[in-house]
Amino acid sequence: MKNEESQIMRTNTCLNSIKLLGGLLIAAGLTACVGQDQDTGGALGESTAISAITIADTPYNTDANTLCLLLGEQVTLDVALTPSEGITFPGIVWSSDDASIASVTQDGTIIAEALGTTIVRVVPEIGFGPAAATPSRTVTVIDHYIYMDAITIGDVPTGTIAVGEPVQLTATPTPATATFVRYTWSSSDPSVATVDENGVVTGKSDGVTTITVTADDRNPNTPASATCQIEVEVPVPVQSLEIPSDSYLSQLGYSETYQIQFNVTPTDATLSLIQWSSDNPDAISVDNKGKLTVKTLSGASAIITATTGDITRTVNVSVAAGRLWFSFANAFAPWRIDTNGASVAGSDGTKTTIATNNIGTSSKRRADIAIIKSADGGTMAITPSEYRYVAVKVAINSALVPGNNSKGCIKLEMFDNPRTIGPNYVGTVNANNSFTVFTGASFSATEPNVIYYDLQGKYDSMNPTNWNQTFNLTQFKFVIADYPIDGSCDSYDIYWVRAFKTLDELAAFVSAE
């Protein structure tokens with residue numbers, strides 16, 4: 001009996017040591033612990049440890065690693081072990097970093113105890129294993145869920161899609177703070193087009209189907225939903241593709257978008273069969289319809305390729321250094337607000353509204369805007385010899401006065417490094433309101449104004465003697481400031497900033513607009 005008790009004690013001691021070493025149990029080690037003079041019943045092979053533990057998603061997942069529970073709710077987490085069979089010690093242990101917020105039982109049941117956030121973990125009972133064998137979930141306990149009130153479907157094709165063509169739809173929730181931003185997608189006629197769980201629609205046959213997206217947000221009432229129609233057609237192959245000569249492709253402006261003109265036969269060919277690509281997409285990208293977008297602030301070029309079947313066509317496109325072509329109709333980026341507290345109030349398809357802000361304890365309001373700042377480390381090229389006039393369309397409820405800031409000011413601040421130009425454009429007076437109103441009249445406080453600057457004009461510090469050069473600016477900014485605090489200029493509207501070769505060119509643009 002003493003020998004048996006001694007053998008059991010030695011065996012238990014050995015097993016505990018093996019646990020601390022990661023659960024790797026081998027026959028030779030066990031034999032050494034038991035003693036060479038005892039009969040162990042035969043040799044033992046190497047043990048199989050848990051290499052991974054996978055926690056299944058639940059209806060409470062807000063993302064792959066986070067769960068949200070209401071106070072008092074509970075959910076049991078299901079797990080799968082790898083390998084799926086033959087594990088020597090398959091036991092697992094659950095724990096919570098803060099059981100007062102969310103406790104967990106050893107069958108994986110999480111119980112929401114108090115408001116707050118904690119981490120729930122699971123590990124092998126024996127051994128520690130790789131990271132895949134020790135997963136965790138962040139558990140947040142809240143007092144109510146925020147449900148979706150509405151869903152907006154985005155990226156809906158404006159025309160037909162081809163059979164076999166995948167189209168990615170997007171969904172945007174209202175409010176954006178909904179707790180569970182998950183959706184289910186369905187097609188009213190899968191024989192025309194199917195839609196997968198991620199909103200990817202694939203055309204199957206001629207016809208029209210309705211795609212529905214529904215909130216999967218645990219709403220006990222009727223969840224929010226939205227629909228869109230998708231029309232599918234059997235594709236008509238492109239037999240010929242030509243890109244005619246277009247001089248505009250060699251003078252694209254910063255931030256400009258431009259549709260490449262092209263001709264196909266037959267005229268009813270399926271245009272989505274054409275694949276477009278750019279060899280320099282960081283500077284000039286092209287979408288799946290041949291529309292270019294300029295992303296650079298310096299002169300750049302790209303080769304655009306259009307391919308369909310065995311037909312390939314290329315065209316060279318380039319950005320004209322110094323040709324600013326920024327529109328604020330639908331967005332403000334890549335410009336930014338450079339005044340603390342000021343903000344972009346929104347864009348309406350025509351203009352962007354900028355909200356001004358009080359500056360400290362002064363009785364003035366301000367909202368500067370910049371495309372590039374000296375702190376950025378980048379440059380923006382301008383060529384006053386070529387694109388001499390920078391024009392701005394802006395609406396401000398204040399009748400600005402040339403040469404002073406008594407009713408507010410717009411000041412162009414630009415310079416390079418080392419400095420050869422700038423820093424403030426002063427025209428003929430000083431930097432405050434040194435622009436010229438395009439119509440020749442006074443600045444209007446009731447209508448939008450087109451104002452312009454002659455980049456070959458006078459500056460308050462550095463005035464180049466040679467305009468036939470490229471200036472690599474480190475700062476290009478409009479100081480829009482000094483507006484009375486009487487409520488007359490709590491915001492202003494900006495439509496565009498553009499550069500022109502001549503005033504006649506500016507006049508033609510304004511007239512066409």
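Biologist: Which residues do ring pairs link into a cluster?

Modeller: In this predicted model, the cluster linked by ring pairs consists of Phe326, Phe328, Phe332, Trp335, Tyr425, Phe435, Phe443, Tyr453, Tyr459, Phe476 and Phe478.

Biologist: How many aromatic pairs does the structure hold, and what describes a pair of aromatic rings?

Modeller: The general idea is that the distance of the centres and the angle of the planes describe a pair of aromatic rings. The structure holds 21 aromatic pairs. One of them joins Tyr145 and Phe180, whose ring centres are 5.0 Å apart and whose planes make an angle of 65°, and because planes over 60 degrees apart count as edge-to-face, this pair is given that name.

Biologist: Which parts does the pair of Tyr145 and Phe180 tie together?

Modeller: Tyr145 belongs to the loop between strand S10 (136-142) and strand S11 (150-154), whereas Phe180 belongs to the loop between strand S14 (170-174) and strand S15 (183-187), so the pair ties together parts that are 35 residues apart in sequence. Tyr145 is buried, its relative accessible area being 8%, and Phe180 is buried as well, at 0%.

Modeller: Another edge-to-face pair is formed by Phe476 and Phe478, with 5.7 Å centre to centre and 85° between the planes. Phe476 is buried at a relative accessible area of 0%, and Phe478 is buried at 2%.

Biologist: Which residue lies over the face of Trp325, and which over the face of Phe415?

Modeller: Arg323 lies over the face of Trp325, 4.1 Å from the ring centre, while Arg419 lies over the face of Phe415, at 4.2 Å from the ring centre.

Conventions: Residues are numbered from 1 along each chain as its sequence is written. This is a predicted model: local features need pLDDT of at least 70, side-chain atom pairs count only at pLDDT 80 or more; totals for chains, interfaces and linings use all residues. Side-chain values use heavy atoms; hydrogens and water are left out. Rings of Phe, Tyr and Trp (its six-membered ring) pair if their centres lie within 6.5 Å; planes under 30 degrees apart count as stacked, over 60 as edge-to-face and the rest as tilted. Helices (H or I, at least four residues) and strands (E, at least two) are DSSP runs, numbered from the N terminus. Buried means under 20% relative accessible area, exposed over 50%, partly exposed in between (1.4 Å probe, protein chains only). A charge sits over a ring if NZ of Lys or CZ of Arg is within 6 Å of the ring centre and within 35 degrees of the ring normal.
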